Amino acid sequence: MCCVTVIQSQDGWRVDYYETDICAAKGSRVYISCIYTHPPGIDPSDIKDRFWFIKEKDGEPVDLKTDSEYSGRVKYECFSNSKSCYLTITDVRESDSAEYKFTFMTNQPGEKYTGSPGVTLSVTDSGLQVQVRRSDSTWLELTCHSSCVLSDRAEYEWSKNEEIIKRGSSLRVSSGSTDRYFCYLRGYWNQRSPAVYGPQRLSVSVSPSAVMLEGDSVTLTCSADANPAANYTWYKEHEDSPRASGQNFTITNFTAEHSGNYYCEAQNEMGRSNSTLLRITSSGKGGSTWSTTAIIVISVLLLIIIILAVPYIKWRMFPERPEQRPENDTQVRRKSSVWRPVRTFIIS
């Protein structure tokens, strides 16, 4: 492995990091390494301490091993003869994204050196994706790709229907396969790509109805479970030329000639599949404009007529009778003052 020179001081102190930028998948293991150099007059036994750090306290580096956030996840391996030192971080987290520096010091007061700038670690979801490329008419080339450049120690493995089948960054499969393939970081089953597979479980539907009046519009919809996403093509039974492309197929101004069986074909890079037949028929002449709008208008007019007619019908059936006025006081008095003869009977 070739190292990258980071810094060299004039008096012979030096730190070389193998990588200055590392991208790692969350949950994986990370290796950061360096070679350090000191002036010839210093004996290896004079090196009192050496460690990695990302923080400082009162201007002094804080040993990564003493950081509670890294407890049980950090390991050092340093070799005096080769003056090399390795940092291993297991189960890396997004919060581990930082600049890591190596420092070493001798037993002489104030005699120390830090390699700066250090190594920048970026931790993300693996971002693994499977790229599909057709190599010929019958074979496909699957390649495992990460959104970040992982360490050169990262290895990929492939799974077919949840069973491990191969190690490596690429896989060759036959076109039209109904199997599901995904890749993952070796040793980290949870760091996997989405599976790729051809169209499956096709379904077709129609709106508003499969029995149409002439002049109406009807929409056919096709859906499939597929990755990469499927493209759709519509056919009428016994016809070679497609009627439409896209997930939805709309027939406007439906006529009897449109009646028949329809199906969709779903296709992606992995393969293709056809849906079941969907039958559309005509129920005769008419149109959604008359059947909907006219009925509403007629209903409203009838309601208005009924509302206006009710008072008239009531008046004809139950006419009001004129009230009899009571006689006034003068008439009453006149009637009471009329002289009437009085007959007298004498009984002897």
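Two residues are in contact when they have heavy atoms within 4.5 Å of each other. The model is predicted.

Leaving aside neighbours within four places in sequence, F102 is in contact with V15, Y17, C34, Y36, R50, F51, W52, C85, Y113, T114 and G115. F102 also belongs to the largest nonpolar core, which has 30 residues; W52, L87 and F102 touch the most other members.

**A residue of strand 12**

S122 is found in strand 12. With a relative accessible area of 35%, S122 is partly exposed, because that class lies between under 20% (buried) and over 50% (exposed). Its contacts, apart from neighbours within four places in sequence, are I22, C23, A24 and S97. S122 and C23 lie 99 residues apart in sequence, yet their C-alpha atoms are 4.8 Å apart in space.

Strands of a sheet pair through backbone hydrogen bonds, either parallel or antiparallel. Here, three strands form an open sheet in the order 20-22-25, with antiparallel pairing. Strand 20 (197–207) and strand 25 (248–251) are at the edges and have a single partner strand each, so one side of each has no neighbour in the sheet. From one strand to the next, the twist averages 15 degrees. Strand 20 is joined to strand 22 (residues 218–227) by seven bridges. S205 has T221 in strand 22 as its bridge partner.

Methods: Residues numbered from 1 in each chain as written. Predicted model: local features only at pLDDT ≥ 70, side-chain atom pairs only at ≥ 80, totals over all residues. Heavy atoms only, no water. Core = buried A, V, L, I, M, F, W, Y, C linked by side-chain atoms within 4.5 Å. Buried < 20%, exposed > 50% of the residue type's maximum accessible area, 1.4 Å probe, protein only. Pairing = 2+ DSSP bridges. Helix = DSSP H or I, 4+ residues; strand = E, 2+ residues; numbered from the N terminus. Axes fitted to C-alpha atoms, helices over the stretch in contact; angles between N-to-C directions.
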